[in-house]
Amino acid sequence: MRPSTVFIYGLGITLLAFLSRDFTSLLILSVINGSIGLYLGLRRGLKFFILLFFIGLIGVFINALLFANYGEPIIIFDGFVLREMFISSFILVALRLFSILGAALIFTSLVNTREFIRSLEAELYLPKDIAFATSIGIRMLNILSRDSEEIRHIRVMRGKSRYPLTPSSFLSYLRPLLSLSIERARWIGIAAEMRGFGRRKRSVRKGRLDRLDMILIILFLIQIIIIVAISLGLT
Amino acid sequence: MDNTRNSIYIDIGEAGYTGGEPVIKNIKFSVKRGESILITGPSGSGKTTLILALTGVLNNLLEGYVDGNISIFGINPLDPQEFTSIPETIGVVLQDPEKQLSMSTPYDEVAFTLENLGYSSNDIDRLTREILNWMGLGNKMFIDSLYLSGGEKKRLCIASSIVHKPRLLILDEPTANLDPWGVKELLEYIELLKSRGYTLIIVEHKAKYFLNLSDRILLIKDGELKKIYQVKNVKPHDLENDLANEGVDASCKIQSKGVVKSGGEVLYTVDGVSFRYSDKDEEVISNVTLEIYKGDVVLFMGPNGSGKTTLLKLLAGFYKPTRGKITLHLDGRSISLTRPTREVFYISQEPDYMFIYGSVKDELWKSGAEQDVIRLLEEVPWLRNLMDESPYNLSHGQRRWLAYYIARLYNPDIYLFDEPSAGLDLNLLRRFLTWIMSIREKGKTIIIATHDPRLLQLDINSIFLVKDGRVEKKDVKDVIGMMNQLFRGG
């Protein structure tokens, strides 16, 4: 499979998720991509993405509560009122996030770093520095996942919540992750330069689409057709 | 001219990361083709900066400066144009493989170097397979590099730095984070490289491993070249003593006070404990049964990847055993340990994981009682000048000590240390050992997971050997015998 096919697929699904405004389209996107992504991602141990999804969901909840909590009351709980627009906007954004999570998991599970660099350079004509930085960023997600588990343990031991629930705890969670990642990225860059990255020429290759590329392209086209049909009211 | 092309000349007046703040100065030496040079000195003496300066990384990539002249087989790495030719001539292996490896598999890692240097696909495949087989990684070519052991990662770094047959190989702290078994294996490969005619520059504070491999030893102290030893002209004993006096770890002799009898009550009961990570099929810890006594110093020793850290995390309550039970007996209570408790403090090998606040001040004041923080600041004056700094702006050594001081402020009954001596030179190690013994005198229990035989200098109550997830109680003499056998003649 060509990494650029998976890259375009992931990018395409993300765009579709952002452009889709109705429940059915987002449900279809999230069911297809979420289920494939979770299947592949969990096999590769990419739990960190799922953690990021839930952290994102907290943000979506707070955002919907502050800016979209109007309309008919739907849930009244101990004086706390959740209204019609809150429910619908929370569900729509959560489905959108879940589709993107699925696309990210499909991409990260199927793509090999070196192949991805070559693919971005040769097929999408991206400069080598951008191709390398993008690939390494994706590769580092696996390492971030390990860091995040260590940080969670230490937080609990030091009397903090396991998961960041407030802006300040989110910052305390993010700080070590960023600090470690920046240092790692700096040295990986130096190591790559010492291995001739500065002299690297764009790789030229004439790859053909294989069966897996075709399956992914067809899956993408099916989703586009369904969503266009729904938005035009053809279903 | 021919002489220039066959030698390395280094003449650095000053070099550093910020103008006017030199880290190294007055360093002048040359290296002949095929020679092996060991650059040694205490932590913070400027060894790594010297490597960054002589490869041209300091001025070309890190925005630092180098005043002087350098010629590596006729190439001037300080010149931005010539710097691009440096990777063909030099292979550089950095200290931490985690910060060097960037590809998904060992095959890709090695192929990446060749691809950068413009080799054809056929040559990339042939040379990559050849070098990985030669470095003993042939059967792990296509697994995720994250699953390699510390020793394997180091060998992979070497493989990806020499696959294109550079004339000079530079190794920065090659034994860092390696267990004695990994070190021995690595030394055999470095010896092979030497026999193949590679010019080697090795930077290492554990000079003891490289005394026999080096033709010359350069001692760097306070950023300056203090002495050059011609190894064949110095008696080994004199060399060891001289280097040890300069704070360099030069002796392979393992010191130990033997085992001190434990007198306390039972603190931990580990009963038939096994543990398996949810995404793995094999058990990391297998059917471990042991007891740890209150006030003891306990070592869990074993190779990288043997399960020491996992065992320590089980004792911290970070993980719940898959089978069996860990019971903590404290103040007449018995707690089945399945989550962290305030009586146990785990100190990670990576200090950055330990911090949760934005400044040193918050880290200290929010970790302990006021009088304890005041006492600590009186004892450790350098902390006072860094109170408003983010912990992440401190040096690695300072971050590590800050993590220890945070642990102390939490005032736990049990300290769990994961590889606490990694990266410590002789002087820092002595300081750490003194600190450990001062905690012990307060009746605290200290449990250390390590592969470093230097920690046998502690007053130890028990040693457990951890191998392939199994734990066996050992006598100190047996452990010392095992280590000595490993490096006999080395």
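Predicted model: local features only at pLDDT ≥ 70, side-chain atom pairs only at ≥ 80, totals over all residues.
Read from the N terminus, the elements follow the order α-α-α-β-β-α-α-α-α-α. The C-alpha trace of chain A spans about 65 × 55 × 30 Å along its principal axes. Of the 235 residues in chain A, 34% are buried. Among the contacts in chain A with a separation of 6 or more, 74% are between residues 24 or more positions apart.

One helix pair in chain A can be followed residue by residue. Helix 1 (residues 3-19) of chain A packs with helix 4 (residues 84-110) of chain A at an angle of about 175°, and their axes are 9 Å apart. An angle over 145 degrees counts as roughly antiparallel, and helix 1 and helix 4 of chain A are therefore roughly antiparallel to each other. On the helix 1 side of chain A, the contact is made by Val6(A), Phe7(A), Gly10(A), Ile13(A), Thr14(A), Ala17(A) and Phe18(A). Their counterparts in helix 4 of chain A are Arg96(A), Ser99(A), Ile100(A), Ala103(A), Ala104(A), Ile106(A), Phe107(A) and Leu110(A). Sorted by class, this contact between helix 1 and helix 4 of chain A has eleven nonpolar, three polar and one charged residues.

At the level of domains, the assignment for chain A gives domain 1 (1-112 + 208-235) and domain 2 (126-201). The C-alpha centres of domain 1 and domain 2 of chain A lie 24 Å apart. Eight residues from domain 1 of chain A and seven residues from domain 2 of chain A take part in the contact. On the side of domain 1 of chain A that touches domain 2 of chain A, helix 3 (residues 47-67) of chain A gives the most, with five residues. By class, that side of domain 1 of chain A has six nonpolar, one polar and one charged residues.

Chain B is likewise divided by its assignment, into domain 1 (2-245) and domain 2 (266-343 + 412-486). Here the C-alpha centres of domain 1 and domain 2 of chain B lie 34 Å apart. The contact takes 15 residues from domain 1 of chain B and 13 residues from domain 2 of chain B. On the side of domain 1 of chain B that touches domain 2 of chain B, helix 8 and helix 9 (180-195) of chain B are the elements that give two or more residues. Helix 9 of chain B has the largest share of this side, four residues. The class count for this side of domain 1 of chain B is six nonpolar, seven polar and two charged residues.

One has four strands in the order 11-10-13-14 (chain B), with antiparallel pairing. Its edge strands are strand 11 (285-293) and strand 14 (333-336) of chain B, each of which pairs on one side only. From one strand to the next, the twist averages 15°. Six bridges link strand 10 (residues 266-275) of chain B to strand 11 of chain B in the antiparallel sense. Within this pairing, Tyr268(B) has Ile292(B) in strand 11 of chain B as its bridge partner.

The other open sheet has six strands in the order 15-16-17-12-18-19 (chain B), with mixed pairing. Strand 15 (344-347) and strand 19 (470-474) of chain B are at the edges with a single partner strand each, so one side of each is left without a neighbour in the sheet. The twist in this sheet averages 20° from one strand to the next. Strand 18 (residues 462-467) and strand 19 of chain B run antiparallel and are joined by five bridges. Lys467(B) stands opposite Arg470(B) in strand 19 of chain B. Helix 15 (residues 396-410) of chain B packs on the sheet, where it touches strand 15 and strand 16 (414-418) of chain B. The direction of helix 15 makes about 180° with that of strand 15 of chain B.

Finally, the two chains meet through a contact that takes 40 residues from chain B and 37 residues from chain A. On the chain B side, helix 5 (86-89), helix 6 (106-116), helix 8 (150-162) and strand 15 of chain B each supply at least two residues. Helix 6 of chain B has the largest share of that side, six residues. By class, the side of chain B that touches chain A has 21 nonpolar, twelve polar and seven charged residues.

Key
Residues numbered from 1 in each chain as written. Chains lettered and ligands numbered in written order. Pairing = 2+ DSSP bridges. Axes fitted to C-alpha atoms, helices over the stretch in contact; angles between N-to-C directions. Parallel < 35°, antiparallel > 145°, perpendicular 65-115°, else oblique. Nonpolar A, V, L, I, M, F, W, Y, C, P; charged D, E, K, R; others polar. Domains from an automatic or database assignment. Buried ≥ 20, exposed ≤ 12 C-beta atoms within 10 Å, placed from the backbone.
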